[in-house]
Amino acid sequence: MSIRIRGAQRPDGTTTDLYVENGVFVGEISTGSIRHEIDADGLIALPGLVDLHTHLREPGFEQSETVLTGSRAAAIGGFTAVFAMANTMPVQDTAGVVEQVQSLGDRHGYVTVRPIGAVTAGLAGEKLSEIGAMAQSRAQVRVFSDDGHCVSDALLMRRALEYVKTFGGVVAQHAQEPRLTIGAQMNEGALSSELGLAGWPAVAEESIIARDVLLAEHVGARLHVCHVSTAGSVDVIRWAKARGIKVTAEVTPHHLLLTEELARGYDSRYKVNPPLRRDEDVLALRAALADGTIDIVATDPAPHPVEAKDCAWDEAANGMVGLESALSVVHASVVQSGQLSWADVARVLSGTPAEIGLLAGYDAPFGLGSPAHFTLYDPNATRRFATSDLRGKGLNSPYLGRELPGRVIATVHHGHATVLDGELVDAAVVSTEHSAAREALNG
Ligand SMILES: [Zn+2]
């Protein structure tokens, strides 16, 4: 299948035509064989977005999300690859389960699904999972995380870092000291006292990050910090990087835009873990993303059935969906403020997450012969975000009713379109074209 894109603006500001054939970028194609021709006047071409932190819920929680529905949410958001967190049922802690998740992603074809392996068996925090077996499996797992839970036992964390070091893997830590956050409902501070909600103190995150960067230094292994949410965490990571420790960090779109003030209405759409923080934390996170202390944006979407969120604040599940809105929220929070250029966006939402997760095919975006993963984004569009903009099963978006800039017009994964004219391409078509693209690449 061939695609011609006319007049797309690349992240560096240059305008060019793009040609795609047999899954890769080519110099030119004969007019007769063009399947899709897209006029990209006014659109920005970004390399396919890569999410290092997605919850797809399958196997086990298919009422919340499936690999298919989560992949569709990702594609409409401009993503071409997602790393699927391990907190499924059964947990992604064996070669069999990670291979199953990867195969489901391949079959549907909207995005590349790379499973993340659990650090501890059953996410129970008691003994290491079958890390080596997952690394050597067909899924070749390189990222390990107990996300949802913190690996709070220092010895287990040390052993995990030692293990992944042997094959260049990385441990992605959900930094939350569990004893300091029992029953926590929102950011700890003046507002939590005023609202009468149990607090989640910043130090519960910062103390684990401080411990883990020292462990990573001691072992000489790679550490990745999930969803950094406080100004103090930024200080610790900045210190660790200056010291030469191999640490990378992510921030979510919602922590770049929203603050704890939203808890005032007890609207559980704003309940998330780690919680929304203060204004000064948001400003510190934006500055850290701009200066490279925080390496990437990762969405951490947490789809839930309506009944899990449509209840009193203290009974509601933590989490927000965010794949469909991620690029718009990054645009609103750090591009419109002038802190990030589109080239920076390409780095923090594609190149660097691929590099951290050791995902091939993203190191030479738009290069001739490189896999054609990209998205076309209209930066001049605006929309009042609504449930009709969501494509996953979860409707728990914090942005419903909010004006957001930009819109994804097309997404191309492995040279075949998953989104055209701002709408998903039919699932059967995507699945068939993806199989053909994979065969062409392997053949
Ligand atoms: Zn987490």
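1. Let's start with two histidines: H174 and H227 are both buried (buried means under 20% relative accessible area, exposed over 50%, and partly exposed in between, using a 1.4 Å probe and protein chains only). Keep in mind that this is a predicted model, where local features need pLDDT of at least 70, side-chain atom pairs count only at pLDDT 80 or more, and totals for chains, interfaces and linings use all residues. Residues are numbered from 1 along each chain as its sequence is written, and side-chain values use heavy atoms, with hydrogens and water left out.

2. What are the protein donors of the zinc ion? They are D147 (OD), H174 (ND1) and H227 (NE2), lying 1.9 to 2.2 Å from the zinc ion. Donors here are N, O and S atoms within 2.8 Å of the metal (3.2 Å for Na, K and Ca), and since water is not among the atoms, sites may look incomplete. Along the sequence, the donor residues follow the spacing D-x26-H-x52-H. H174 sits in the loop between β10 (170-173) and β11 (186-187), and H227 in the loop between β13 (222-225) and α7 (231-242), so the pair ties together parts 53 residues apart in sequence. (Helices, H or I with at least four residues, and strands, E with at least two, are DSSP runs numbered from the N terminus.)

3. Now look at S2, in strand β1 (residues 2-9). With 4% relative accessibility, S2 counts as buried. Its side chain makes a polar contact of 3.2 Å with the side chain of E21. A polar contact is a pair of N or O atoms within 3.5 Å; within protein, one must be able to donate a hydrogen and the other to accept it, and residues adjacent in sequence count only if both atoms are side-chain atoms.

4. How many salt bridges does the structure hold? There are 24, each being a side-chain nitrogen of Lys or Arg within 4 Å of a carboxyl oxygen of Asp or Glu. One of them links R35 and E433 at 2.7 Å, N to O. R35 is in strand β4 (residues 34-39) and E433 in helix α13 (residues 427-442), so this pair ties together parts 398 residues apart in sequence. R35 is partly exposed at 47% relative accessible area, while E433 is buried at 14%.

5. Another salt bridge joins D17 and R4, with the closest N and O atoms 3.7 Å apart. D17 belongs to strand β2 (residues 15-21) and R4 to strand β1, so they tie together parts 13 residues apart in sequence. D17 is partly exposed, at 33% relative accessibility.
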